[in-house]
Amino acid sequence: MDGGGAQYNPRTVEEVFRDFKGRRAGMIRALTTDVEDFYQQCDPEKENLCLYGFPSEQWEVNLPAEEVPPELPEPALGINFARDGMQEKDWLALVAVHSDAWLLAVAFYFGARFGFDKSDRKRLFNMINDLPTIYEVVTGTGKKQVKVEKSSVSNHSSTKSKPKRGSESQARYFKPIHQQQPKEEEEGLDEEEDEDEHGETLCGACGENYASDEFWICCDICEKWFHGKCVKITPARAEHIKQYKCPSCSNKRSRP
C-alpha cells in the first residue's frame with residue numbers, strides 16, 4: 001500500500017497542502033458520512049488493518065504495505081482490533097487522532113524529501129493548522145465550534161436573525177444569501193453579525209467553514225451542520241423535511 005504516493009509526488013508547499021487536504025477529506029468521509037461502511041470493513045476478526053486517505057478524497061481500509069521500508073509513512077496498524085472493545089464514538093475518535101498524526105507525517109515526509117527549508121515548513125504547518133483536525137470534525141470538540149456554541153447562548157436574542165427555520169417541526173437550515181427574503185436595514189446588520197458568527201461553523205462531513213453563498217442543513221440528532229451538497233440535500237427538499245438526520249445518525253444502530 002503506497003497511499004497514492006507512488007503515482008503522485010507533490011514538490012511545492014501548495015502541492016503538498018493540496019495532497020494533505022485530499023487525504024484528509026477522504027478520511028473525514030470514512031469517519032462521518034461513510035461511517036457505517038467503515039465500521040463494517042474494520043472487522044476485528046481480520047488481520048491488522050489501516051485506514052488510508054488518498055489525494056483524490058477517497059479512503060480505503062486495507063493491510064499495511066508489504067515493502068520495507070514503505071514508500072510513505074504508514075498509518076496506525078490494527079485499528080480494527082479495538083472496534084468492539086470500546087464505545088463506537090470513542091473508537092472513531094481514537095482512529096481520528098491517529099489519522100491526524102499520519103497526515104502530518106505524510107506531509108512533512110514530502111517536505112523533507114523535496115528539501116523544504118524552515119520558511120517552507122512553517123508555511124506548510126500554518127496552512128495545515130488553519131484547518132480543523134479530523135479529531136475536531138469527528139468529535140465536534142474543535143475550539144471554533146465551542147466558540148460558536150458559547151456565543152450562540154450568550155449573544156443571541158429574540159430580535160437577532162437566526163438560521164432559517166420553517167417551524168418547530170421542520171428541519172433547520174441556512175439558505176444562501178441570494179435566496180433569502182429582503183430584510184429591513186436594521187435587521188440586515190443583525191444578519192451580518194450572525195453570518196460572521198456562523199462563519200466559523202464547520203461542516204460535519206468535509207470539515208470546511210460556513211460560507212453565506214452555500215446551503216446548509218443541521219442534523220436534529222447530533223446538532224452538527226452540513227453542506228447540503230455533502231449530504232445530498234437541496235433547499236427544495238429541506239422544505240419538506242420535518243426532522244433531518246445526517247448519514248452518520250441515520251446509519252447508527254445498537255451494536256453489541
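Visitor: In which sense do strand S1 and S2 pair, and over how many bridges?

Guide: In this predicted model, strand S1 (residues 50-53) and S2 pair in the antiparallel sense over 4 bridges. Two strands count as paired if at least two bridges are found between them, so S1 and S2, with 4 bridges, are called a pair. Within the pairing, Leu-51 stands opposite Val-61 in S2.

Visitor: What do S1 and S2 form, and how many residues are between them?

Guide: S1 and S2 form a hairpin with 5 residues between them. Glu-57 lies in the loop between the two strands, and its phi is near 70°, a positive value in a residue other than glycine.

Visitor: Why is Glu-57 called partly exposed?

Guide: Glu-57 has a relative accessible area of 38%. Buried means under 20% and exposed means over 50%; the value of 38% lies in between, and therefore Glu-57 is partly exposed.

Visitor: Which residues of strand S2 make up its covered face, and which its uncovered one?

Guide: Trp-59 and Val-61 form the covered face of S2 (residues 59-62), while Glu-60 and Asn-62 form the uncovered one. In a regular strand, side chains alternate between the two faces of the sheet.

Visitor: How do you know whether Leu-49 is buried or exposed?

Guide: The relative accessible area of Leu-49 is 7%. The limit for a buried residue is under 20%, so Leu-49 is buried. Leu-49 is placed in the loop between helix H2 (35-41) and S1. Beyond its neighbours within four places in sequence, Leu-49 is in contact with several residues, including Val-61, Asn-62, Leu-77 and Ile-79. From C-alpha to C-alpha, Leu-49 and Asn-62 are 5.4 Å apart in space, although 13 residues apart in sequence.

Visitor: What makes Lys-232 exposed?

Guide: Lys-232 has a relative accessible area of 71%. Exposed means over 50%, and therefore Lys-232 is exposed. Lys-232 is found in the loop between helix H8 (228-231) and helix H9 (235-238). Its phi is positive, about 60°, although Lys-232 is not a glycine.

Visitor: Why is helix H1 called roughly parallel to H4?

Guide: Helix H1 (residues 13-31) and helix H4 (residues 118-129) pack at an angle of about 30°, with their axes 10 Å apart. Angles under 35 degrees count as roughly parallel, so H1 is roughly parallel to H4. The crossing of H1 past H4 is right-handed.

Visitor: Which residues of H1 and H4 meet?

Guide: Val-13, Glu-14, Val-16, Phe-17 and Phe-20 in H1 meet Asp-120, Arg-123, Leu-124, Met-127 and Ile-128 in H4. By class, this contact has 7 nonpolar, no polar and 3 charged residues.

Technical notes. Residues are numbered from 1 along each chain as its sequence is written. This is a predicted model: local features need pLDDT of at least 70, side-chain atom pairs count only at pLDDT 80 or more; totals for chains, interfaces and linings use all residues. Side-chain values use heavy atoms; hydrogens and water are left out. Axes are lines fitted to C-alpha atoms, for helices over the stretch in contact, and angles run from 0 to 180 degrees between N-to-C directions. Angles under 35 degrees count as roughly parallel, over 145 as roughly antiparallel, 65 to 115 as roughly perpendicular and the rest as oblique. A crossing is left-handed if the near helix is turned anticlockwise from the far one by less than a right angle, and right-handed if clockwise. Contact means heavy atoms within 4.5 Å. Ala, Val, Leu, Ile, Met, Phe, Trp, Tyr, Cys and Pro count as nonpolar, Asp, Glu, Lys and Arg as charged, and the others, Gly among them, as polar. Buried means under 20% relative accessible area, exposed over 50%, partly exposed in between (1.4 Å probe, protein chains only).
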